[in-house]
Each structure stands twice: as C-alpha cells, then as structure tokens.
Amino acid sequence: MSIRIATFNMENVFRRPTVFRLEDAARREEVLGDFAELVALLDLPAYRDGDKAEIARLVEKHRAYETDPKNPPPIYVNQSRPGKDSGLFRTSGSGKNTRVEVTAAGRTSWAGWAELGKDDLDIDVVRNTGRVVAEVDADILLTVEVEDRLTLERFNTQVLAGAFGRRPYPYNLLVDGNDSRGIDVGVLSREPITSVRSHLFDTNPARPDQRLFSRDCPEFEIRLDGTSLVILGNHLKSKSRDDPELRLAQAKRVAEIHRAVLERTPHVLVAGDLNDDPESETAAVLRDTGLRDVMSHPAYRGLPGTFGACKSERDKIDYLLLPPPLWQRVQHVGLETRGIFHEEIKSFDTVTSKADAASDHAALYVDLDL
C-alpha cells in the first residue's frame, strides 16, 4: 500500500485581521493596544462614567459599530442581541459624525464581545491554494493556517471538488486551537481518522511569567490498513516579533508529546510549519527524538527550502519528520512550489503576483510504502 502524506501552510484559508495588513508598524501597535484596552474595559463588572466615555471613544475611533464587508473596521463589537435596552451602546448620526453612547451598566448587562475586524476570503487566491492541493493529491494532508472546520469543509467540497473536479476528502478534522487570530491546524484524509487530541501548550517552565503559548499541537490518529499512524501537527511561533525561546520551548513540548505517543505506536510523525531552519535549536530538539527530515532522504532531489525563494536551507521552515520505521518505507519525496510567486520560481499561470499567490510556502510531501 503506497500512501502520500503532505503538509502545506495554506495561509489564505482564513480571514486575516485587517490590522495585520497595515504597513505602518506604529499604526498596527496602536490598533492592537486599543483593542486590548477595549477588551479589558468591556470585561469590567460595572462601567463607571469614565469607563463608558473611554469605551465610546474607542468604538468611535475604530468604527467598531460598523459592518461593511468592503471596508471592514479594524475592531468590531459583535453584539449577540443588540436592542434599545439590551446592547452595549446606541449610535446617532452617520459617517464621520457618528456618535456612540454606552447604555450597558456592566459586563452582565449585554451579550457579545469585541474582535479584530477581518477581510473576506479572496476566492481567486483560495482557488490557487486549491490548485496546489489538487496537484499534490495527498492521501493525508496536514493543513496549516485554516480558520475553522467549516472553512476547511467548504474548501474541500467547493474548491477541490467544485472548481477542480477532484473527489473530496471523505474525512476532515480541525479543532479550534489557542491562536487568538483563529489560524489553526487541521487534516484532510482519505483514510479514517479514528481519534484526535489537542495538546494545549502550558506556560514556558523556564519563564513562568510568560503568557500562555498562542499555539497548540493537535494529535491526529489515522487508521491505515489495520495500522495506527499518528500525526502531530504544528505551527510554531513565527519569526514576526521573534521570540526564539518561546519557539524552542514549544519544540521541547512537542518532543515530550512525541515520546509519550511512541508508547502506543511506533508510527508517529511530526509535521507542519516549525518556523525555523534545520540548523536551529528548534530543529535539533526534534532530531534528538530520532525523527528524520524527509528532505534529507536520498529520494529527495528538489530545492533545499520550503519558503519564499526556497533556494537555501535558511528558507526551510516546513517539515515532515519521520520515525525510523517509516524512514525505511520512503519511496519518494517532493516539493510543490508553483503556488508561490517569486522571481526565482516558476509559478502556475494563475499566480501572477504576491496578491494572488496560493501561499509563500511550498507543499511538502512524501510517499510511503506501507
């Protein structure tokens, strides 16, 4: 039985918070700071006059009362049951003259929450993402940066099956994780998924005062012709606002989870976007478990990287790490780069700019003889 396993940071199968496309770093920090302040104020059990005034100022400043899909506000207050007497606030005026009056007495007197405004999915970009997935045609695909299970299922049935005429995956699973931006790790599979477990990362034991990890490690168990295969899916801390110690602590936790799962089955692989190169401490921690990177297998003859130009090992941040029993079963290793837009890469004819690229990551896959 030959089976193809792949990992792909799909990048565009979630709605991006508009704040993260602001080019001005100071403006991004301002919006994020205001968002944190608004969330803290809204959680107060009772709103004093000063609290109400500040809530109203922040809502007005960021148009947090507005629902315009063509120009979404950077911050939005979602009120579950807005009404004259049941909402957080009421508005008067329109456009730049809109004024907000907070009518709620405190947190328990209204239902809803504040969230970062999001762009709509770009269907042309999502189709290019689908083209990559269709070309790879994996039996099991670890999907990184997907918004939720419903989005993954729509991608499966409407893009893969609808736009490309491919047989949709009969099994798909995604469990909402710890990432506050809603970018999670899921799986599409042609083989039955028998169990799933989400390992939430704890605080960094080396730095107990550090905030909770923003990521987690889902464990997907898949039944292959009577044999259990476990995939530990990952999306470790990015190098944006880099925190190498946090990423290293996450990798150490993944190694612990891997060792624990090995007690149940020898067929445990680690996959996903580790956001670090092969010479990093992050990668070394996982190599120390005995796992081996498929791109170092003699069967691989492609580019050394998986991100951007993919021209050097410094561009390698995506991994399929196999245990010894599976390493012996490798038939072929491949890298699908045509969804990337880069002057040094031959792209699909539908990928004409960074704006419509499927991702800035390549899809990495391995064929195993099981």
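Okay, so before anything else: a residue counts as buried when its relative accessible area is under 20%. Keep that in your head, and remember that what we're looking at is a predicted model.

Arg264 is another story: at 48% relative accessible area, it's partly exposed. Where do Arg264 and Glu219 lie? Glu219 is in strand 10, while Arg264 is in the loop between helix 5 and strand 12, so the pair ties together parts 45 residues apart in sequence.

Next pair: Lys316 and Asp293, whose closest N and O atoms are 3.3 Å apart in a salt bridge. Lys316 is in the loop between strands 13 and 14, and Asp293 is in strand 13, 23 residues away. Buried or exposed, Lys316? Buried, at 2%. Asp293 is buried as well, at 14%.

Now something more local. Arg27 and Glu30 make a salt bridge at 3.4 Å, N to O, and they both sit in helix 1, three residues apart, which is about one turn. Arg27 is partly exposed at 28%, and so is Glu30 at 34%. Those two also belong to a network of salt bridges with Asp34 and Lys61. Across the whole structure, the search turns up 22 salt bridges.

Last stop, the nonpolar side. The largest core has 33 residues, and Ile5, Ile140 and Ile231 have the most contacts inside it. Beyond its sequence neighbours, Ile140 touches, among others, Ile3, Val187 and Leu224. There's also a second, separate core of 25 residues, including Val126 and Leu152.

Technical notes
Residues are numbered from 1 along each chain as its sequence is written. This is a predicted model: local features need pLDDT of at least 70, side-chain atom pairs count only at pLDDT 80 or more; totals for chains, interfaces and linings use all residues. Side-chain values use heavy atoms; hydrogens and water are left out. A nonpolar core is a set of buried Ala, Val, Leu, Ile, Met, Phe, Trp, Tyr and Cys residues joined through side-chain atoms within 4.5 Å. Buried means under 20% relative accessible area, exposed over 50%, partly exposed in between (1.4 Å probe, protein chains only). Contact means heavy atoms within 4.5 Å. A salt bridge is a side-chain nitrogen of Lys or Arg within 4 Å of a carboxyl oxygen of Asp or Glu. Helices (H or I, at least four residues) and strands (E, at least two) are DSSP runs, numbered from the N terminus. Lists of a residue's contacts leave out its neighbours within four places in sequence.
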